[in-house]
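Please walk through the following model, starting from the pairing of strands and ending with the pockets.

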Number of protein chains: 2
Amino acid sequence: MAAPVIGPEIDRLIQLLARLPGLGPRSARRAALDLLKKGEASMGPLADALTVAAARITSCSRCSNLDTPISCHICTDARRNKSAICVVEEVADLWALERASYGGHYHVLGGVLSALDGVGPEDLSIIDLVNRAAEPDVTEVILAMNATVDGQTTAHYITDRLIDCNVSVTRLAHGVPVGGELDYLDDGTLIQAMKARRPF
Amino acid sequence: MAAPVIGPEIDRLIQLLARLPGLGPRSARRAALDLLKKGEASMGPLADALTVAAARITSCSRCSNLDTPISCHICTDARRNKSAICVVEEVADLWALERASYGGHYHVLGGVLSALDGVGPEDLSIIDLVNRAAEPDVTEVILAMNATVDGQTTAHYITDRLIDCNVSVTRLAHGVPVGGELDYLDDGTLIQAMKARRPF
């Protein structure tokens, strides 16, 4: 019964909104109704922003960050530390680390190795990373994959691939999150935090 | 630190997506990244759908449903029962009742009376409803506001306003939801369900 009442224009808008991560069919309906109630003032700018982004945003040919020019703001920023490359899974991780005041360069893999999902080394930008790590400026590669099984497998694989490059390979520290309560932490985190304890 | 890394085009897209109900800043970032990863194939159609909806969808001048023509599909559908008007708060409620195979007409109030939010009778389309209820075809007005304090206050107010119209005013039944377990229901619902018990 729903189909004939919701016209094709509204239905298409709902279908497209429902494809966004975090929006299901019900919240897509709510979002569409909200947009329709606010009218042109709300839908026009969003349509423009999408069109501009689709036309101008592209993957950086060097580090795979998403930005406007062919080489991104990070890769072309002369004030950044050229000696460090931080390897992340996705652009979202790059944004997160950027909030943590990291001042070096990045390399976005585009995912992690996963036998289950059929993702092999050739599906990730690992060869580009090895080539960048061989550049004379680079002295450190920081592996900042997620602390998941696939993330750590990928980190080990990359460490092996970088063995001939003259760089030190480091990874993010594991430990108690700031604000975390010991009672609520998993054993793996506690074991790592205890092992890596430091003088106070 | 975040601002210089996320370019203005991506930032604007995130800001606009974050205004949608159900999307916060974090999920708007995720949605924007998803759109950007899929590129033009994902952003183009959404931009087009928004533009089309902004240009063509409008409020029905009669019942306030959102649809393409000036008078909506429901108001112009000759197969529908002209004698009943179902009064709802929002278009989302209309869509929900339409899934319940209601075959009559609707009237979207555009909200509920609320002293707290400063919503008075003049802010809702109540005068239009009284005029429609006075038409000779109409014999029943079904009040289908939400079972909230504001919804029921609005229902009582509308009942008073319809006193001179020659229509029967009804409301949705209260009771145990289908699939509901008595142990988990609130007392108000159980009292209403017991009061309105029917022969088996």
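In chain B, β5(B) and β6(B) pair in the parallel sense through four bridges; two strands count as paired if DSSP finds at least two bridges between them. Helices (H or I, at least four residues) and strands (E, at least two) are DSSP runs numbered from the N terminus. Within this pair, Glu140(B) faces Ser168(B) of β6(B). The model is predicted, with local features needing pLDDT of at least 70 and side-chain atom pairs pLDDT 80 or more, while totals for chains, interfaces and linings use all residues. Residues are numbered from 1 along each chain as its sequence is written, chains are lettered from A and ligands numbered from 1 in the order in which they are written, and side-chain values use heavy atoms, without hydrogens and water.

Together with α8(B), the two strands β5(B) and β6(B) make a right-handed β-α-β unit: with the strands pointing away from the viewer, the path from the first strand over the helix to the second runs clockwise.

On the β3 side, strand β3 (residues 81-88) of chain B is joined to β5 (residues 140-143) of chain B by four bridges, again in parallel. Here Val87(B) stands opposite Leu143(B) of β5(B). Helix α8 (residues 149-161) of chain B packs on the sheet and touches β3, β5 and β6 of chain B, its direction making about 160° with that of β5(B). Contact means heavy atoms within 4.5 Å; axes are lines fitted to C-alpha atoms, for helices over the stretch in contact, and angles run from 0 to 180 degrees between N-to-C directions. Helix α7 (residues 126-133) of chain B lies across β3, β4 and β5 of chain B, at about 155° to β4(B).

The whole open sheet has four parallel strands in the order β4-β3-β5-β6 (chain B). Because β4 (104-108) and β6 (168-171) of chain B each have a single partner strand, one side of each is left without a neighbour in the sheet.

Now to the pockets. A pocket is an open set of points on a 1 Å grid over the protein atoms alone where a 1.4 Å probe fits, with protein on both sides within 12 Å along at least five of seven lines; lining residues have an atom within 4 Å of a point. The largest pocket holds about 480 Å³ of space, a volume being the space filled by probe spheres set on the points, which are joined across faces, edges and corners. Among its 22 lining residues, Asp93(A), Ala96(A), Leu97(A), Asn146(A) and Leu172(A) are the closest to its centre.
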